[in-house]
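Reader: I have a new structure open and would like to learn how to read it with care. Could you take me through it feature by feature?

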Amino acid sequence: MREPTFWILTALAPEPRYGYGVIQEVTRLSEGRITLQAGTLYAALDRLVALGLVEPDRAETVDGRPRRYYRLTSDGATALDAETERLRASVEAATAQLAARRRFGLGPVSS
Amino acid sequence: MSDRLARRYAYWLRFYPPGERRAEMLATLLECAPPERTRPTGREILNLIGYGLRARLGRPASTAVVVLATLAALASGLLGAAAAARLGWEFAPSLASTAESQDLATTVFPGQKVWGGGDAEPFVRSGDGEQTIYGFADYWVKHNDTTRDVRAYAEGARDRLAAAGWDVHGDVTFEEEVASETPIGTATFWASRDGLVLSYTGVLWGDRAPWDSDGAASFELSRSAPVWLTGVAVTGGALGAFAGWLLFGWASRRSEGDAARTTIAAGLGWTAAVWTLGSALLGGLWNLDLDRPADEFVWLSLRSLTGGAGALILAMAVVAFAVVRLRTAIPAAVLLTGVVVISGWQSAAAAACTPSGPPDDSPPDQVTLSRVARVYIAQDSTDEQRNYAQAAIARVWGTRSFSFHYDPTDEEYRHAYCDGGPLTGDSGMRVPYFWEVGLSSPGVFPALEDEVSPMPGVLAVVHGRAAA
């Protein structure tokens, strides 16, 4: 799973959001590391909709401009869960290796 | 201010297929933009172009569609470049005027009577008929005491060309076969300047019969592609690739969710694209010759895509579109059929005729690029007269081939007398015999006429339209 995909699924996990809402939420969750471009966001959303991980929710019009909300499907939640497990396992493996390095006193490692 | 920004975003959003998505994205883009922004950033523009073109293809989860679209765009780009190049060659400067403006004949052969010259088609078959090469014009001087020393004369010509600003490539190569029954001395070199390539050959054949030629000092002048033609071809290629991408995208979106149509259309698309790339590659490689100008290979690749191969590929593409949506493909199919019919069956309708003698000269504009000539000789000419006439034909430096025809059922009679149509009744029995003569380049004709028409028994020397 590519990083923008991961963050979009994460942003949609608790509630449906529309385009700009997803971009804002991803920026907030990633602590400013990820700023999605509109093109990237909608290409990912289209792909996720085609894969059945995300589906269109309600549509509304605000200030004369259309807003379409997207929500996570249960398949999407499963996929995000699996990806999270995978990342957790990776993080744990790397953490253990770094701890070993610290024990052997091999160069600086924070905390 | 926001209106102007909205208009600018809307402009770049046209890379996306028409639909609600454009408005949805416009709203998102405007919400993302900080208040002081008046125009999209470069990064935003690239992002919209890239993902917009991707969105044109539909099928957002498919990677295969991107691969095939890239292949299709590459192929349609090549076809676009080929079409543009074909058109562009029509406006390439004529070989004759270029050579004239440089006083080339005088530079190479000062104070001599120079034969040949003239114009040529952009591409012609090479001497052995195996390859296609840039069209060329043959220039030569009949031997005299100065030119018979082929080596010294070639070196003089080389120095004169170098002094006139030509790039001379390598030294004069001299080869001698003294042991042979007719000793041969050959001196060659080549030079180039301003898109022209000059290939010099001086030959002296010793111990020849008095009625045969003992060689000549000569050069072949060929034209390479003018610089602007590259721009024309690149532009055509870019337009072709873009159009190909959009059409492919339309077909892909249109057939999305229909497995049968997708399979057939994609199969045809693959075949057409691979065929295009293969034809271009083979067309170029077949004619690749490391001793020739390097750019010739590229133009020959493109050239191999016009004509029959191109029509076949386009037909395949039209069928693929017809599978997606029959109604859309009909105008394209009609147009393509029309073009093929007009270019293919033009000559099929030649009318029958009843000749009574050699044909009149063709209008000059119809034969300036023809490399076919015919020498007509009276039926009651003697064997000796025919031998002398034939020796005269062979004596002309630029004669490549000749064949004698006396049987009115020969296919060549139709072209010699009736523009390709049949001869009525037994009219063919009474008209003069003739030689069909192949010329190395169209400008050779005046030399043939000068050499052969005074021969006894010869009735006419005619520059003919080439047999199709």
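**Helix against helix**

Author: Helix H1 (residues 3-12) of chain A packs against helix H2 (residues 19-29) of chain A at an angle of about 105°, with the axes 9 Å apart. The axes are lines fitted to C-alpha atoms, for helices over the stretch in contact, and the angles run from 0 to 180 degrees between N-to-C directions. Before going further, note that this is a predicted model, in which local features need pLDDT of at least 70, side-chain atom pairs count only at pLDDT 80 or more, and totals for chains, interfaces and linings use all residues. Residues are numbered from 1 along each chain as its sequence is written, and chains are lettered from A and ligands numbered from 1 in the order in which they are written.

Reader: How are H1(A) and H2(A) oriented to each other, and which residues make the contact?

Author: Angles under 35 degrees count as roughly parallel, over 145 as roughly antiparallel, 65 to 115 as roughly perpendicular and the rest as oblique; H1(A) and H2(A) are therefore roughly perpendicular to each other. The contact (C-beta atoms, placed from the backbone, within 7 Å) joins Trp7(A), Ile8(A), Thr10(A), Ala11(A) and Leu12(A) of H1(A) to Val22(A), Glu25(A), Val26(A) and Leu29(A) of H2(A). Helices (H or I, at least four residues) and strands (E, at least two) are DSSP runs, numbered from the N terminus.

Reader: Which residues of H1(A) are buried?

Author: A residue is buried if 20 or more other C-beta atoms lie within 10 Å of its own, exposed if 12 or fewer, and partly exposed in between, with C-beta atoms placed from the backbone. In H1(A) the buried residues are Thr5(A), Trp7(A), Ile8(A), Leu9(A), Ala11(A) and Leu12(A), and they pack against several elements of chain A, including H2, strand E2 (54-62) and helix H4 (74-103).

Reader: What pattern does chain A follow along the sequence, and how is its extent described?

Author: Chain A has four helices and three strands, which follow the pattern α-β-α-α-β-β-α. Its C-alpha trace spans about 65 × 25 × 20 Å along the principal axes, and 26% of its 111 residues count as buried.

Reader: How should I read the strands of chain B in a sheet?

Author: Two strands pair if DSSP finds at least two bridges between them. In chain B, an open sheet of six strands has the order E1-E4-E8-E7-E6-E5, with antiparallel pairing. Strand E1 (115-116) and strand E5 (167-177) of chain B stand at the edges, each with a single partner strand, so one side of each is left without a neighbour in the sheet. Strand E4 (residues 136-142) and strand E8 (residues 215-223) of chain B pair over seven bridges, and Tyr139(B) has Phe219(B) as its bridge partner in E8(B).

Reader: Is Ser199(B) buried or partly exposed, and which residues does Ser199(B) touch?

Author: Ser199(B) lies in strand E7 (residues 196-205) of chain B, and counts as partly exposed because it has 18 C-beta neighbours inside 10 Å. Not counting residues up to four places away in sequence, Ser199(B) touches Trp190(B), Phe219(B) and Glu220(B).

Reader: How many residues of chain B are in contact with chain A?

Author: There are 20 residues of chain B in contact with 17 residues of chain A. On the side of chain B that touches chain A, H2(B) gives the most, with ten residues.

Notes
Contact = placed C-beta atoms within 7 Å.
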